[in-house]
Amino acid sequence: MSEATTSTSADKYLISLVIPCYNEAGNIEALVQEAFDLLPRDLLGEVIVVDDHSRDDSVARLLELRDREPRLRVLRHLSNAGQSASVRTGVMAARHPLIATLDGDGQNPPGDIPALVAAYDPAGPQLVGGVRAKRRDTWSKRTASKLANALRRRLLGDDCPDTGCGLKVFERDRHLALPFFHGQHRYLPALFKAHGASTAYVPIGDRARQHGASNYTNWKRGLQGVPDMLGVRWLMSRARPVHSEELE
């Protein structure tokens with residue numbers, strides 16, 4: 001049985017919650033506190049916030065919260081490296097085999113994490129993603145996201161209805177075994193499948209951003225998306241999942 005399984009229930013897993021953060025001083029403290037308030041102790045092992053060299057007082061607010069919440073860990077990049085690097089830094093530092101991720105803007109409800117964990121199974125699915133049932137973004141952002149998702153599914157065949165949703169649950173070791181590149185976090189379902197894992201998706205809520213502005217624009221996402229998708233398609237074509245067993 002996985003070491004992540006608690007003694008209280010075979011269906012429970014102790015998770016490391018990884019939250020990438022960049023200039024989210026108005027959102028991050030309340031989001032982390034909400035996670036501690038809503039998630040039971042036999043599920044939430046730790047919260048790791050990775051600050052991507054914010055220019056605001058995100059880190060100061062997190063350090064104040066850490067004084068009250070010993071399960072909070074705060075990591076900080078010494079230079080801005082992007083969201084994928086922030087997720088990877090948090091996953092590498094995680095102490096538990098099962099990872100949950102949330103965006104630092106507070107739009108993903110932490111209370112939906114147990115539903116994703118309940119859908120996870122070591123035998124598959126090894127990645128469970130959230131699907132935002134009702135988007136709270138602007139019309140232009142929702143439209144761009146729908147077009148990007150349709151193009152990605154056609155090109156990569158990953159069957160993921162909402163790859164932009166930051167709420168995901170997946171296995172730490174499988175994530176760290178994937179090829180890493182800038183923008184990787186948007187293609188985790190495709191990469192997991194290419195390397196022999198299965199995926200599933202669970203409807204979750206979506207909330208309007210309360211403070212600050214998005215760090216991305218539709219134009220910026222579009223410019224990054226096309227070459228990234230072509231690169232991921234090449235990586236998937238070269239992937240060869242290998243399964244082995246130890247002989248007694």
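**A charged pair and its surroundings**

Modeller: Arg 73 and Glu 46 form a salt bridge, and their closest N and O atoms are 3.0 Å apart. Glu 46 sits in strand 2 (residues 44-51) and Arg 73 in strand 3 (residues 72-76), so the pair ties together parts that are 27 residues apart in sequence. A salt bridge here means a side-chain nitrogen of Lys or Arg within 4 Å of a carboxyl oxygen of Asp or Glu. Side chains of opposite charge can pair when their charged atoms come close.

A word on the model. It is predicted, so local features need pLDDT of at least 70 and side-chain atom pairs count only at pLDDT 80 or more, while totals for chains, interfaces and linings use all residues. Residues are numbered from 1 along each chain as its sequence is written, and side-chain values use heavy atoms, leaving out hydrogens and water.

Back to the pair. Arg 73 is buried, and Glu 46 is buried too. Buried means under 20% relative accessible area, exposed means over 50%, and partly exposed lies in between (1.4 Å probe, protein chains only). The pair also belongs to a network of salt bridges that links Glu 46, Arg 73 and Arg 95.

Now step back. The protein has eight helices and seven strands. These are DSSP runs, numbered from the N terminus: helices are H or I with at least four residues, strands are E with at least two. Of its 248 residues, 49% count as buried. Take contacts between residues at least 6 apart in sequence: 79% of them join residues at least 24 apart. Contact means heavy atoms within 4.5 Å.

Strands 2 and 3 lead us to helix 1. The buried residues of helix 1 pack against strand 2 and strand 3, and also against strand 1 (15-21) and helix 2 (58-68). Those buried residues are Ile 28, Leu 31, Val 32, Ala 35 and Phe 36. They lie on the same side of helix 1, because they cover an arc of only 135° around the axis. The arc is that of the directions from the helix axis to the C-beta atoms. An α-helix has 3.6 residues a turn, so residues three or four places apart point the same way. The face turned away from the buried side of helix 1 carries the exposed residues Ala 30 and Asp 37.

Helix 1 has a charged link of its own. The structure holds nine salt bridges. One of them joins Arg 207 to Glu 34, with the closest N and O atoms 2.9 Å apart. Glu 34 is in helix 1 (residues 28-38), while Arg 207 is in the loop between strand 7 (199-204) and helix 8 (218-238), 173 residues away. Arg 207 is partly exposed, with a relative accessible area of 27%.

Another salt bridge joins Arg 174 to Glu 171, with the closest N and O atoms 2.8 Å apart. Arg 174 is partly exposed at a relative accessible area of 28%, whereas Glu 171 is buried at 13%.

Asp 105 lies between strand 4 (98-101) and helix 4 (113-119). Asp 105 counts as buried because its relative accessibility is 14%. Its side chain reaches the backbone nitrogen of Gln 107 at 3.0 Å. Not counting residues up to four places away in sequence, Asp 105 touches Glu 24, Asn 27 and Arg 209.

Last, the cysteines. The structure holds zero disulfides. A disulfide is a pair of cysteine sulfur atoms within 2.5 Å. Cys 160 is in no disulfide, and the nearest cysteine sulfur, that of Cys 165, is 8.6 Å away. Cys 165 is in no disulfide either, with the sulfur of Cys 160 as the nearest cysteine sulfur. Cys 160 counts as buried at 1% relative accessibility. Cys 165 counts as buried at 1% relative accessibility.

Cys 165 is in the loop between helix 5 (139-156) and strand 6 (168-171). Leaving aside neighbours within four places in sequence, Cys 165 is in contact with Asn 108, Gly 130, Arg 132 and Ile 204. Cys 165 and Gly 129 are 36 residues apart in sequence, and their C-alpha atoms are 7.5 Å apart in space.

Key. A polar contact is a pair of N or O atoms within 3.5 Å; within protein, one must be able to donate a hydrogen and the other to accept it, and residues adjacent in sequence count only if both atoms are side-chain atoms.
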